[in-house]
Amino acid sequence: MTAQNTFTPAWFLRGPHAQTIWGRMTRRRRLVKLRRETLTTPDGDELILDHLHAPVRNDRFRFVLLHGLEGSACSVYMQGMLSVIARLGFAATAVNFRSCARDPRTFGGTLPNRRPRLYHSGETTDFDFVVRTLRARAPHVALLAAGASLGGNVLLKWLGEHPGQTDVIAAATMSVPYDLGAGSRHLETGFLPRFYVTRFLVTLRKKAQQMAAHFPEISGRLDLDAVARAKTFREFDDAANGPIHGFTGADDYYTRSSSIHFLSAITTPTLCLSAADDPFLPAEVLDRAKALASEAVDFRVTAGGGHTGFVAGAWPWQCEYWAEEVLIQWLAGHAR
């Protein structure tokens, strides 16, 4: 399959919320076979890597994928990208952020990770460690990176922090929340935006509370009542995310972690794909991000598509996920 250059939403999924929610309700989360590896980090924690288990026809390149907030290698958009990669015959590794990809049946009784930290939109050291690890294992294999939503923000920030790097030869992102503060404010109004946030906060609050229970150095910095009361991203980031990760609060976290501040320094060929109707971000942020992006960035904005949706197709049982095809095939075009 070759992706079309333009996106036309499926006629039965015209709105941004329908585009955003459809795949999460209808798609399979086991499209490809994966081989799991637990990687010990330099600080003694662990990352779970899921390697694509499929025939490889081109062994000179490997895709590295990053998921979004509270996602994993089994998120539907990750499985979609992995299935495209498998069809094209490339190797791939999906990085699960700290505390992610844990069995929900046992999560309640076990600590999600071994160090007093989780992950966040600006945390790039773990991705950097994975890149260096994969390159050390196979120096002849070039890396192609793709990130969705929070994972895309991490990827763009890392690229901006490492201008001139050659380990990742090309990168692609979709539905990046370039300005975290603007995105947080945008999600504080309206029923459906608050619905998205509520679902995320269920597991985020639980992880922060578990951190406080297991690590005394964390519990002294957290206001657990404020964590339990948090109903917006800003409230959670002020009460938990900031204190856990060394930020003075939500504003400090947003300022230091938003990828919009790093776009101008990117030198790696990069595709950034977003929808103007993304319910997680005001459209004006996309205009600012595009204006700030370096010449190495191919910045594309479609009229519709929602957040990591981009669902096309003639019928509900014949859906096509346009952005996943575009991202992977654009990256494959650099595998020469």
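Modeller: A helix crossing is right-handed if the near helix is turned clockwise from the far one by less than a right angle, and left-handed if anticlockwise. In this model, helix 2 and helix 13 cross right-handed. The model is predicted, so to speak: local features need pLDDT of at least 70, side-chain atom pairs count only at pLDDT 80 or more, and totals for chains, interfaces and linings use all residues. Residues are numbered from 1 along each chain as its sequence is written, and side-chain values use heavy atoms, without hydrogens and water.

Biologist: What makes helix 2 oblique to helix 13?

Modeller: Helix 2 (residues 76-88) and helix 13 (residues 322-332) pack at about 40°, axes 9 Å apart. Roughly parallel means under 35 degrees, roughly perpendicular 65 to 115, roughly antiparallel over 145, and the rest is oblique, so helix 2 is oblique to helix 13.

Biologist: Which residues in helix 2 meet helix 13?

Modeller: Among them are Val76, Tyr77, Gly80 and Met81, facing a set in helix 13 that includes Glu324, Leu327 and Ile328. That contact (heavy atoms within 4.5 Å) has 9 nonpolar, 2 polar and 3 charged residues.

Biologist: Why is helix 10 called roughly perpendicular to helix 11?

Modeller: Helix 10 (residues 233-245) packs against helix 11 (residues 250-257) at about 95°, axes 8 Å apart. That angle makes helix 10 roughly perpendicular to helix 11.

Terms used:
Axes fitted to C-alpha atoms, helices over the stretch in contact; angles between N-to-C directions. Helix = DSSP H or I, 4+ residues; strand = E, 2+ residues; numbered from the N terminus. Nonpolar A, V, L, I, M, F, W, Y, C, P; charged D, E, K, R; others polar.
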